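Colleague: I would like to learn how to read helix packing and charged pairs in a model of this kind. Could we go through them one at a time?

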Amino acid sequence: MSEFKSILLHLDGSDNDPRCARVARALAAQHGARLSAQFAVMPITSQLPVVMGGASAIYPLIEELQAQRRQRARAIFEDLAGGVAPTRWIEAGTEPLIESVVRQALSADLLVLGQHNPTDPNGGGVPADFAESVLVSAGRPTLVVPYAGEIDGEPGREPLVAWKPARESARALVAALPMLRNARRVHLVAAPGVSPEQRNELLDYLRLHGVTAPVEQHGALARDVGNGLLSLAADANADLLVMGCYGHSRARELVLGGASRTVLASMTVPVLMVH
């Protein structure tokens with residue numbers, strides 16, 4: 001039976017860190033999991049702009065920004081350490097950003113990280129496609145926390161499960177089982193073409209794995225699946241969206257499916273994804 005025993009929280013000194021930390025702490029407390037906080041940002045050299053006469057003049061400024069990011073992240077960790085045990089602090093050091101987070105995520109049951117906020121003045125520590133890159137590279141269950149919207153405690157009391165007969169969707173469903181077992185009600189939306197028999201098989205699978213909450217089924221979304229899922233989540237008052245992450249790396253370029261890309265850009269509820 002799947003469960004969360006090791007949760008990895010990514011911190012980068014951004015304004016979304018406290019929200020991510022609250023979610024991770026609630027999940028760790030609910031499931032009796034060890035919570036590790038990893039401070040990981042891009043190396044200073046990769047943040048230096050191209051300036052006339054070299055970058056030596058601006059290097060100390062970016063170094064100070066980096067120190068401030070770490071200070072904010074460390075303060076959040078100290079607060080976590082006072083409320084959840086056991087906890088662990090990790091720093092990426094000189095290892096490349098994505099590789100460092102992926103390496104830690106491979107030995108965690110769940111990774112918690114923040115949605116990219118293009119207007120965050122403190123959000124320059126990671127690239128805009130950080131969440132997508134980690135999702136595709138690690139292949140581990142990842143809970144992406146939005147920078148907007150209300151989050152009240154542990155997500156998953158009213159989850160919306162987006163189902164299609166694909167390995168990414170199946171992996172996301174299995175990863176979400178520890179949260180679905182605590183749900184008050186589960187919302188289910190299946191892709192077009194999923195037969196009533198297949199839906200019943202899915203409901204039977206949930207029951208076999210201890211999901212006792214009533215399941216409310218919704219009609220298939222035929223077009224604009226990403227925005228359709230977000231609208232359905234809002235209409236159902238869902239506090240969690242569970243879905244597969246569809247995408248791949250091609251010639252060093254990350255290519256995400258349309259629904260995954262839309263959800264990651266416009267989400268207002270936490271999203272549990274697996275590639």
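Modeller: What follows takes up a helix pair and then the salt bridges. This is a predicted model, in which local features need pLDDT of at least 70 and side-chain atom pairs count only at pLDDT 80 or more, while totals for chains, interfaces and linings use all residues. Residues are numbered from 1 along each chain as its sequence is written, and side-chain values use heavy atoms, with hydrogens and water left out.

Colleague: At what angle do the axes of H4 and H5 cross?

Modeller: Axes are lines fitted to C-alpha atoms, for helices over the stretch in contact, with angles running from 0 to 180 degrees between N-to-C directions. Here the axes of helix H4 (residues 97-105) and helix H5 (residues 130-138) come within 10 Å and cross at roughly 50 degrees.

Colleague: Which residues of H4 and H5 meet?

Modeller: Contact means heavy atoms within 4.5 Å, and Leu97, Ile98, Val101, Val102 and Ala105 of H4 meet Phe130, Ser133, Val134, Ser137 and Ala138 of H5.

Colleague: How many salt bridges are there?

Modeller: Side chains of opposite charge can pair when their charged atoms come close. A salt bridge is a side-chain nitrogen of Lys or Arg within 4 Å of a carboxyl oxygen of Asp or Glu, and by this rule the count comes to nine. One of them joins Arg25 and Asp79, at 3.1 Å from N to O, and this pair links distant parts of the chain, with Arg25 in helix H1 (residues 17-31) and Asp79 in helix H3 (residues 59-81), 54 residues apart.

Key: Helix = DSSP H or I, 4+ residues; strand = E, 2+ residues; numbered from the N terminus.
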